[in-house]
Amino acid sequence: MAGLFAAVYERTKGTPDRVSADLREPCLNMLKHLALGHAQRCFYDSAVAQDKKMHLAAIAAATADFYEAAFDAVRDKGSEMSKLLNRSNNYGKWTAVLMVDLLYYRAMASQHEAGLVLTGFCLQRSGARRT
């Protein structure tokens with residue numbers, strides 16, 4: 001899906017005044033990062049289901065990064081993207097959902113990282129070797 005938004009941008013980038021606001025770079029860039037965030041979220045869910053503890057912190061952090069990029073596109077109330085969302089009365093909904101996703105995956109990254117540190121500390125104290 002993210003590739004679709006990038007392709008639409010490539011097709012319309014030379015004509016910003018002839019396309020609607022939802023086909024201009026700010027919106028397409030936000031949608032691209034949102035799609036990448038959702039894809040990364042699926043990857044994270046799969047890693048959780050497969051109990052891949054060593055990778056969960058990095059995957060969660062990457063997921064948060066994509067949601068942060070999407071959030072940054074709508075955060076500034078004066079931006080073209082924010083104005084577009086305000087016209088449809090969805091500004092608050094978009095910012096709230098993106099902020100929740102961003103904070104959730106940042107928290108998950110921290111939790112998984114702390115778990116790895118604690119596991120390493122416990123193994124070190126017990127004299128056991130980590131596999």
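Analyst: A nonpolar core is a set of buried Ala, Val, Leu, Ile, Met, Phe, Trp, Tyr and Cys residues joined through side-chain atoms within 4.5 Å. Buried means under 20% relative accessible area, exposed over 50%, and partly exposed in between, using a 1.4 Å probe and protein chains only. The largest such core here has 27 residues, and Met30, Leu34, Tyr44, Met81 and Leu98 touch the most other members. H1 (2-12), H2 (25-49), H3, H4 (80-87) and H5 (91-126) each supply at least two of its residues. One caveat: this is a predicted model, so local features need pLDDT of at least 70 and side-chain atom pairs count only at pLDDT 80 or more, while totals for chains, interfaces and linings use all residues. Residues are numbered from 1 along each chain as its sequence is written, and side-chain values use heavy atoms, with hydrogens and water left out.

User: What makes tyrosine 44 buried?

Analyst: Its relative accessible area is 4%, which is under the cut-off, so tyrosine 44 counts as buried. Tyrosine 105 is buried too, at 3%.

User: Why is the pair of tyrosine 44 and tyrosine 105 called edge-to-face?

Analyst: Rings of Phe, Tyr and Trp (its six-membered ring) pair if their centres lie within 6.5 Å; planes under 30 degrees apart are stacked, over 60 edge-to-face, and the rest tilted. The structure holds 3 aromatic pairs. For tyrosine 44 and tyrosine 105, the centres are 5.4 Å apart and the planes sit at 90°, so edge-to-face it is. Tyrosine 44 lies in H2 and tyrosine 105 in H5, so the pair ties together parts 61 residues apart in sequence.

User: And what makes tyrosine 104 and tyrosine 105 a pair of that kind?

Analyst: Their ring centres are 4.9 Å apart with planes at 90°, so that pair is edge-to-face as well. Tyrosine 104 is partly exposed, with 40% relative accessible area. Tyr44, Tyr67, Tyr104 and Tyr105 form one aromatic cluster.

User: How do you know that the buried residues of H1 line one face?

Analyst: Helices are DSSP runs (H or I, at least four residues), numbered from the N terminus. In H1, Ala2, Phe5 and Thr12 are buried. Down the axis, they fall within an arc of 100°, so they line one face; the arc is that of directions from the helix axis to the C-beta atoms. The face turned away carries the exposed residues Gly3 and Arg11.
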